[in-house]
Amino acid sequence: MAGSNMNPPLAVMAVVVLSVLLAGSSHAAPEMDPYKILGVTRSASQAEIKKVYKRLAKEWHPDKNKDPGAEDMFIKITKSYEILSSEDRRANYDRYGQTDDAQAYSGSRYRHRQDNFYFDESFFNFPFNTKNHRDFTDSKYALHFNQYVSEVVPDSHRRPYLIKITSDWCFSCIHIEPVWKEVVQEMEGLGVGIGVVDVGYERRLANHLGAHRTPSILGVISGKVTFFHYAVAKEHLRQFVEDLLPQRVVERITDKNEQQFLNSWHELNKPHVLLFDQVPAVPLLFKLAAFAYKDYLQFGYVDQGLAETAELQKRFNINTYAPTMLVFKESTDKPADIIQAKGMKKQIIDEFMSNNKFLLAPRLVSQKLFDELCPVKQFHRRRKYCVLLMTTDEETYSSGNREFLSFASTNTRDVVRFAYVYQRLQQPLCDILMHSEDGAQSTPQVVILERRNTAGKALFKPVTAWNGSEEDKLRLLEELERLHKDPSILIHDAILPELNNEFASMFVVRWISASYDYLSEVIDDILHNNWREMMPLLSLIFSALFILFGTVVIQAFSDSSEDKQMKPKVKDGTKAENGSSGSRPPKKNFVEVTELTDITYISNLVKLRPGHINIVLVLTDASKNILLSKFAKEVYSFTGTQTLHFSFLNLDKHSEWMSTLLEYAQDAAQIDADEDDSGSRRTDHTGFVLALNGHKKYLCLFKPVYTGEDLDGKPSEDEAGTSVGKPRPGSRDGHPQRKSSRSRSTSTLQIHHKLDRLGLWMERLMEGTLPRYYVPAWPGLDKITPNLEWSKFLIDRINTS
């Protein structure tokens with residue numbers, strides 16, 4: 001036969017393929033939905049699940065219920081409770097739809113499915129952070145795009161989520177893993193949602209979150225994504241989760257504001273919860289619980305360590321050794337419920353708050369509240385009835401409203417809920433239930449109703465007009481007794497309209513709030529790392545700015561120079577005579593000249609900023625006044641240039657520095673010298689001007705040029721030609737020289753004319769055409785040369801004596 005010739009390996013392969021197909025078909029078999037069986041939502045707390053289970057177990061127990069399907073229904077209820085009461089099994093079902101522990105993660109942790117084929121990654125067995133070797137916690141909290149949109153975002157309005165962005169080949173992810181495990185263990189116990197996004201498998205979700213690098217940690221609250229930007233430490237992550245919560249989710253209460261806080265129940269239409277504890281900061285567990293129940297309860301915190309809370313503790317007899325939680329409803333003098341425990345757990349707080357979510361007789365202010373107080377009848381639930389008072393907020397009916405509240409406080413039946421509405425605010429509902437067609441407000445009336453479906457159908461019966469009298473109370477009590485025995489007394493039916501949301505904010509407020517959230521998100525993206533998504537917005541902003549500057553600002557500054565007011569011209573005339581190429585108009589009417597000393601030497605020369613030049617005039621005490629006056633006139637037209645500084649050097653103090661500087665500049669032109677009394681040659685540097693570039697270490701040299709007239713008033717061209725760089729001192733032939741008035745005025749005239757050509761030299765300096773003499777280093781200015789003439793005078797006096 002053909003089958004007998006089949007190769008053994010092929011037969012084994014066929015058996016394996018058949019077993020895989022059979023296993024796949026078994027996995028594809030539909031399983032029960034525990035949420036539908038118990039009739040709870042996916043966000044239901046453990047307290048709510050436990051409460052529903054007890055009620056259904058009593059209702060469908062085979063010993064009490066004679067229905068043929070009661071036993072099967074009881075088994076399903078029990079199995080559903082076993083799944084949902086275990087956090088691990090519940091999380092397994094939420095993520096993978098599996099109700100059997102033996103199948104948990106069998107197809108998700110070790111394999112991935114693609115086009116109806118399963119690839120076992122253990123075949124490759126890379127010893128790294130691949131999907132096969134990833135930590136179990138990451139697989140447990142793995143998120144995909146549809147799950148994030150349908151479950152995480154809606155649930156983030158009740159609790160914050162902490163999400164880690166990772167990938168298979170992320171080395172940095174390994175370093176934060178120990179801290180992440182510790183934080184997950186703590187935060188999950190407090191009620192924080194946890195998620196892990198693998199970029200390699202959920203690129204779409206990572207892009208949707210704006211996460212473009214790994215590892216990243218972000219928080220999601222009320223649908224808003226916030227990135228964590230600090231060092232990954234347990235304290236930082238805990239503070240990050242706390243910062244995600246609204247700032248005023250819990251109000252601090254003292255003896256001063258306690259009455260104002262408790263009396264706001266009527267305005268806010270909520271019970272009020274007070275937590276008494278010894279710690280100064282509000283516990284994170286209490287903040288998270290307050291955020292989860294913010295739509296139902298108002299929360300306050302009392303620090304027992306403050307002296308401002310002593311009267312409040314004494315009033316309610318608070319035990320200081322354990323945290324105490326009180327809930328107040330319509331009565332502010334006595335708490336409606338109390339709980340006290342040293343180690344308050346999340347489950348205890350959830351159960352306590354779930355049992356006290358509503359006032360005894362709340363006002364119907366929205367359709368959401370109406371759906372929760374008066375739920376639609378379901379096949380496996382007991383009927384729920386609502387006793388509704390349709391009244392007004394006028395003062396004349398306030399006593400009747402209080403009597404209705406008093407009657408509601410005596411109710412002990414779970415199937416009956418009491419509520420009231422204001423006719424003025426919920427007119428469409430009141431018109432149907434009161435059979436009113438004109439829309440005018442009528443006297444208060446009590447109605448009993450039962451909702452039949454989500455489309456708005458309801459059965460109801462008007463009971464009595466209500467003024468709070470004993471007869472009204474007795475009539476209402478009798479009708480409730482009849483309803484308990486015979487539900488068919490609700491003879492009227494109607495389609496109820498959707499209730500108005502009385503607490504809905506105005507459009508302007510919603511628009512401002514949305515704009516603020518958007519701007520906050522934009523600023524956060526700009527300050528941090530989400531540049532890819534910000535590029536279109538930034539491009540639009542820069543384009544608008546470019547158009548603004550191009551069409552408005554530039555046009556405003558492009559007025560013709562003829563329309564501008566002309567600045568006053570310089571009256572000195574030096575600028576017109578010498579030209580002003582490369583210089584700006586002077587900003588001041590004087591020249592700032594500082595002395596170059598050992599104190600100012602470093603800042604004015606050695607550490608002079610790049611591109612700046614110091615113009616130094618060399619002088620003596622005798623020629624100081626004359627040369628400085630002439631120097632100021634010559635350089636005044638150049639004082640508008642910000643890169644020029646002006647100084648003077650006193651040769652009587654620092655002659656050695658000048659000689660040393662010129663020796664460093666070995667290629668400088670030779671300077672004529674005169675003989676002194678001893679026959680040696682001495683150089684006179686008076687009237688020299690140095691342009692010193694401290695950064696590039698070079699100088700430009702100006703030598704004095706005599707262009708003045710002789711004593712007879714005639715110009716001396718020969719004298720002018722021979723005096724270039726050569727002053728005309730008196731003769732020193734060894735005999736005492738007589739200084740007549742004529743010789744003194746000649747010397748003064750020569751000194752005055754030494755700077756005649758300085759203006760032209762300055763123009764060449766600005767043009768950059770002057771020769772530059774480079775020096776290896778700037779000589780020190782720490783030596784002061786003694787005055788030789790004064791020393792000679794002292795020696796002569798000593799010899800004479």
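Buried means under 20% relative accessible area, exposed means over 50%, and partly exposed lies in between, with a 1.4 Å probe and protein chains only. The model is predicted, so local features need pLDDT of at least 70 and side-chain atom pairs count only at pLDDT 80 or more, whereas totals for chains, interfaces and linings use all residues. Residues are numbered from 1 along each chain as its sequence is written, and side-chain values use heavy atoms, with hydrogens and water left out.

**Exercise 1. A charged patch**

Task: State which residues gather in a patch of positive charge on the surface, and decide whether Lys50 is buried, partly exposed or exposed.

Solution. 
- Step 1. A patch is made of residues with over 30% relative accessible area and no salt bridge; like charges are joined within 9 Å, and nonpolar side chains (Val, Leu, Ile, Met, Phe, Trp, Tyr) within 5 Å.
- Step 2. The surface patch of positive charge consists of Lys50, Lys54, Lys58 and Lys64.
- Step 3. Helix H3 (residues 46–59) contains Lys50; helices are DSSP runs (H or I) of at least four residues and strands (E) of at least two, numbered from the N terminus.
- Step 4. Lys50 has a relative accessible area of 39%, and is therefore partly exposed.

**Exercise 2. The disulfides**

Solution. 
- Step 1. A disulfide is a covalent bond between the sulfur atoms of two cysteines. The criterion here is a pair of cysteine sulfur atoms within 2.5 Å.
- Step 2. The sulfur atoms of Cys170 and Cys173 lie 2.1 Å apart. Cys170 is buried at 4%, and Cys173 is buried at 3%.
- Step 3. Cys374 is joined to Cys386 with an S to S distance of 1.5 Å. Cys374 stands in the loop between helix H16 (367–373) and strand E12 (385–391), and Cys386 in strand E12, twelve residues apart.
- Step 4. Cys374 is buried, with 3% relative accessibility, and Cys386 is buried, with 4%.
- Step 5. With the bonded cysteines numbered in sequence order, the pairing reads 1-2, 3-4.

**Exercise 3. Salt bridges**

Task: State how many salt bridges the whole structure contains, and explain why the pair Asp371 and Arg451 ties together parts that are apart in sequence.

Solution. 
- Step 1. Side chains of opposite charge can pair when their charged atoms come close. A salt bridge is counted when a side-chain nitrogen of Lys or Arg is within 4 Å of a carboxyl oxygen of Asp or Glu.
- Step 2. The whole structure contains 26 salt bridges.
- Step 3. In the salt bridge between Asp371 and Arg451, the closest N and O atoms are 2.6 Å apart. Asp371 lies in helix H16 and Arg451 in strand E14 (residues 445–451), so the pair ties together parts 80 residues apart in sequence.
- Step 4. Asp371 is partly exposed at 34%, whereas Arg451 is buried at 7%.
- Step 5. Asp756 pairs with Lys630, with the closest N and O atoms 3.3 Å apart. Asp756 is in the loop between helix H27 (741–752) and helix H28 (758–767), and Lys630 is in helix H24 (residues 624–635), 126 residues away.
- Step 6. A network of salt bridges links Glu182, Glu186, Lys234 and Arg238.

How values were computed
Areas by Shrake-Rupley, 256 points an atom, 1.4 Å probe, with all protein chains shown as cover. Lys, Arg positive; Asp, Glu negative; His and termini not counted. Charge placed at Lys NZ, Arg CZ, Asp CG, Glu CD.
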